[in-house]
Amino acid sequence: MADFPAWVHTLSIVSLGVGFLCATYIAVDEMRYPQKMWIMNLVWPLTALFGSVVWLAFYRSFGRNDGTQDDDPPMPIAVAKGASHCGAGCTLGDIIVEWAVFALPGIAVFFGWQSLFAEKIFAAWIPDYLVAFAIGIVFQYFTIVPMRGLSFGKGIWAAMKADTLSITSWQVGMYGLMAIGQFLWFKPAYGGVAEVNTPEFWWLMQIAMLAGFATAYPTNWWLIRLGLKEKM
């Protein structure tokens, strides 16, 4: 077990609390100003869990459906929305899987812990990716189908083309930062990695999600330029 100093523990709790408050504010605000695409009512609060006050400001400036927003935003804003859309699915998937693996360690064993991987975190990343991918495709389906009027089969295929690279690039950045934080900072400095049931783990996840956004941003720019992903 890692022995975290008080400042890391306190900072983790404060950061998570602020993120939760920002997500709650957006969720409540969306009751008054529901999004044009219903799936975005989930996307904005989920992204605020990691993006905190930055994503709250982003929502207030470019996401709030109060009649003042541009239906054809500048490319940098559209790309940020597209990457955030992908990140929401990754966030939800990681929350579900990480707690599931914590409660049922046999899941990690099934995916290679103690056989292929000495560290449980590496085994957990496999179902993390699979569930995040599935949720991301569902999120993209309910975005792209209403915009293009596609059938179910064509909608699934379009969603996969739009989000496969986006989700993968997001997870690469997120996993990379998590690995750096856990094995190059926490373990040598504090004697162990952060477990899922600690605020330090989820604080590091918040930071890692921002790294995921950074790696997914250029991918989303490319996908939108090619017309594989819609501007939002």
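Reader: Why is Y217 called partly exposed?

Author: The relative accessibility of Y217 is 21%. Buried means under 20% relative accessible area, exposed means over 50%, and partly exposed lies in between, with a 1.4 Å probe and protein chains only. Y217 therefore counts as partly exposed. W221, at 29%, is also partly exposed. The model is a predicted one, in which local features need pLDDT of at least 70 and side-chain atom pairs count only at pLDDT 80 or more, whereas totals for chains, interfaces and linings use all residues. Residues are numbered from 1 along each chain as its sequence is written, and side-chain values use heavy atoms, without hydrogens and water.

Reader: How many aromatic pairs does a search of the whole structure find, and what makes W44 and Y59 such a pair?

Author: The search finds 28 aromatic pairs. The ring centres of W44 and Y59 are 5.6 Å apart, with 65° between the planes. Rings of Phe, Tyr and Trp (its six-membered ring) pair if their centres lie within 6.5 Å; planes under 30 degrees apart count as stacked, over 60 as edge-to-face and the rest as tilted. The pair of W44 and Y59 is therefore edge-to-face. Both of these residues are buried.

Reader: What kind of aromatic pair do Y217 and W221 form?

Author: Y217 and W221 form a tilted pair, at 6.2 Å centre to centre and 50° between the planes. The two residues are four apart in helix α7 (residues 199–226), so about one helical turn separates them. An α-helix has 3.6 residues a turn, so residues three or four places apart point the same way. Helices here are DSSP runs of H or I of at least four residues, strands are runs of E of at least two, and both are numbered from the N terminus. Ring pairs also link Y217 and W221 into a cluster with W44, F50, W55, F58, Y59, F62, W170 and F213.

Reader: How does the reach of helix α5 compare with the expected value?

Author: Helix α5 (residues 120–148) has 29 residues and reaches 42 Å from first C-alpha to last, close to the expected 42 Å. Just after α5, G149 has a positive phi of about 65°. In the loop between α4 (106–110) and α5, Q114 also takes a positive phi, near 75°. Q114 is exposed because its relative accessible area is 60%.

Reader: What makes K120 lie over the face of W113?

Author: K120 is 5.3 Å from the ring centre of W113. A charge sits over a ring if NZ of Lys or CZ of Arg is within 6 Å of the ring centre and within 35 degrees of the ring normal. K120 accordingly lies over the face of W113.

Reader: Why is the sulfur of C86 too far from that of C90 for a bond?

Author: The closest cysteine sulfur to that of C86 is in C90, at 4.2 Å. A disulfide is a pair of cysteine sulfur atoms within 2.5 Å, so C86 and C90 are too far apart for a bond. The count comes to zero disulfides. C86 is buried at 0% relative accessibility, and C90 is likewise buried at 0%.

Reader: Which residues does the UniProt annotation "transmembrane region" cover?

Author: According to the unreviewed UniProt entry, the annotation covers residues 6–26, 38–58, 122–144, 165–186 and 201–224. Such annotations may be inferred rather than shown by experiment. In the model, residues 6–26 are 100% helix and 0% strand, with end C-alpha atoms 30 Å apart. Residues 122–144 are 100% helix and 0% strand, and their end C-alpha atoms lie 32 Å apart.

Terms used: The expected span of a helix is 1.5 Å times one less than its number of residues.
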